[in-house]
Amino acid sequence: MLAAGIAVLAAVLVVRTLGVRSKQVAVAPVAPLAIDAAAAAERLAGALRLRTVSHQDPADFDGGQFRALHDYLARQFPRVHQTLRREAVNDYSLLYTWPGGGDGRPALLLAHLDVVPVDPSSEASWVHPPFAGAIADGYVWGRGAVDDKGSALAILEAIEHLLAAGYQPPRTVMLAFGHDEELLGEQGAQAMAALLKARGVSPEFVLDEGGSILEGLFPGVASPVASVGMAEKGYVSVELTVDGSGGHSSIPPRRTAVGQLSAAIDRLEEQRMPANIDAAMRRSFEYIGPEMIPPMRLVFANLWLFRPLVEWQMAQAPRTDAILRTTTAPTMFHAGVKENQLPTSARAVVNFRILPGDTIDDVLAHVGRVVADPQVQVRVLGRADDPSPVSDVDAPAFAYLNRTIRSVNPDAVVAPFLVLGATDARFYSGLTPNVYRFLPMRTRPDDVPRFHGLNERIGIDNYVGMIRFYAELLGNLHALEGRAPAPPPDAASE
């Protein structure tokens, strides 16, 4: 009987696996546009030389650098600035409007002009100075090359090219470039989203940074994976405080404020919020599972049986574990002023990135249950956001984005994913349900530490591929309209 049961189970697993069909759309590759790569690289390098840094201390903000970048963009992209209406929002963010020839809902592309700071002590470790805008060895080097001036400049390059070819979009195109995304976007993206809402703007889709084309970063898939963010995690930092009595360290109490707070932090790290392969993550597996090598394809085609195994395996690595759960990250700890003096208080900050399906209230309830110590005071620190809504991957806008990615990157597998960090896109979810997060850049394993790290750079060929993607996305909006194709832009014109 056991052998028969095993045989039946094996048959069910195989049948279910064979029944899985690829969700990749068949699209003919497009002929690449003629892009002057050297000139485009130099324009990006020039933008990187401007230090549009988002400092944590507002007193360090240099608005002159942002205004200089605005002037630089106007000089470098004259057709864009002659044709599109540009508005400065809260002085430093830029909102562009390219009126379309039809009455369809607008397409809205996002990027941000600010960059994270560079630790002065690390500058000597950069191959090229972080704000030199160096072009060397086939790369453009500098802070912001990837996150996120590269995206903003690539969008403008694409539109400049389309304008040179005489292209008129069949629907309005809008660009929203924030100036404080690295500080959670309250003055930039939030203000622009509120302005658009007040004007009654309801975009057909929003596209921001988020996922990218991952090469060698997805186990079990030989092809590059174009990861399109359909949602992003929420964010809350919780401050924990314990008051102590102070005194001389030679006569300590059984547990000091430091010890008591350390114990609370230890409990939070040991008792994390539960893992959950939710409905959004299952949609990801529907796209990526059929493209996996056969043993892994069988596993993902039969999550009804193998779900505990998949959750266990994903939990072994921080990057995949973060996809499964609301994460717990103690990030700050302060106590004491002298080595032989007992602290009168101890303070710690724990940052949580909230999985869709969980809420800020769920996190706070979890902290209260796990800490379980009335002497540990708990409060929310600064801004907090629940997870974004999960965008619909069955919407025509996602299908259009999917086809565009595949036409420019025919070797890539497209799959929806969860974005682990925060982006400006979350502010626009009240304008449209179709908010997607995808940076059309190829990312390899050695690129990952460069995000917010040392030696940020982008390959010139990679950057040209981004320009071509945006040109294809905006140059074929007739496909989203359901109209007959327009004549393609002249690939030779510049």
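Trainee: What is the handedness of the crossing of H2 and H5?

Mentor: The crossing of H2 and H5 is right-handed, meaning the near helix is turned clockwise from the far one by less than a right angle. This is a predicted model, where local features need pLDDT of at least 70, side-chain atom pairs count only at pLDDT 80 or more, and totals for chains, interfaces and linings use all residues. Residues are numbered from 1 along each chain as its sequence is written, and side-chain values use heavy atoms, with hydrogens and water left out.

Trainee: At what angle do H2 and H5 pack?

Mentor: About 135°, with the axes of H2 (residues 37-48) and H5 (residues 149-164) 10 Å apart. Helices here are DSSP runs (H or I, at least four residues), numbered from the N terminus. Axes are lines fitted to C-alpha atoms over the stretch in contact, and angles run from 0 to 180 degrees between N-to-C directions.

Trainee: Which residues in H2 meet H5?

Mentor: Ala40, Arg43, Leu44, Ala47 and Leu48. On the H5 side they meet Lys149, Gly150, Leu153 and Glu157; contact means heavy atoms within 4.5 Å.

Trainee: Switching to H5 itself, how many of its residues are buried?

Mentor: 15 of the 16, so H5 is largely enclosed by the rest of the structure. Buried means under 20% relative accessible area (1.4 Å probe, protein chains only).

Trainee: What follows H5?

Mentor: Gly166, whose phi is positive, near 80°.

Trainee: And where do H7 and H12 meet?

Mentor: Ala264, Arg267 and Leu268 in H7 meet His366, Val367, Val370 and Val371 in H12. The axes of H7 (residues 257-270) and H12 (residues 360-371) come within 9 Å and cross at roughly 120°.

Notes
Helices (H or I, at least four residues) and strands (E, at least two) are DSSP runs, numbered from the N terminus. Buried means under 20% relative accessible area, exposed over 50%, partly exposed in between (1.4 Å probe, protein chains only).
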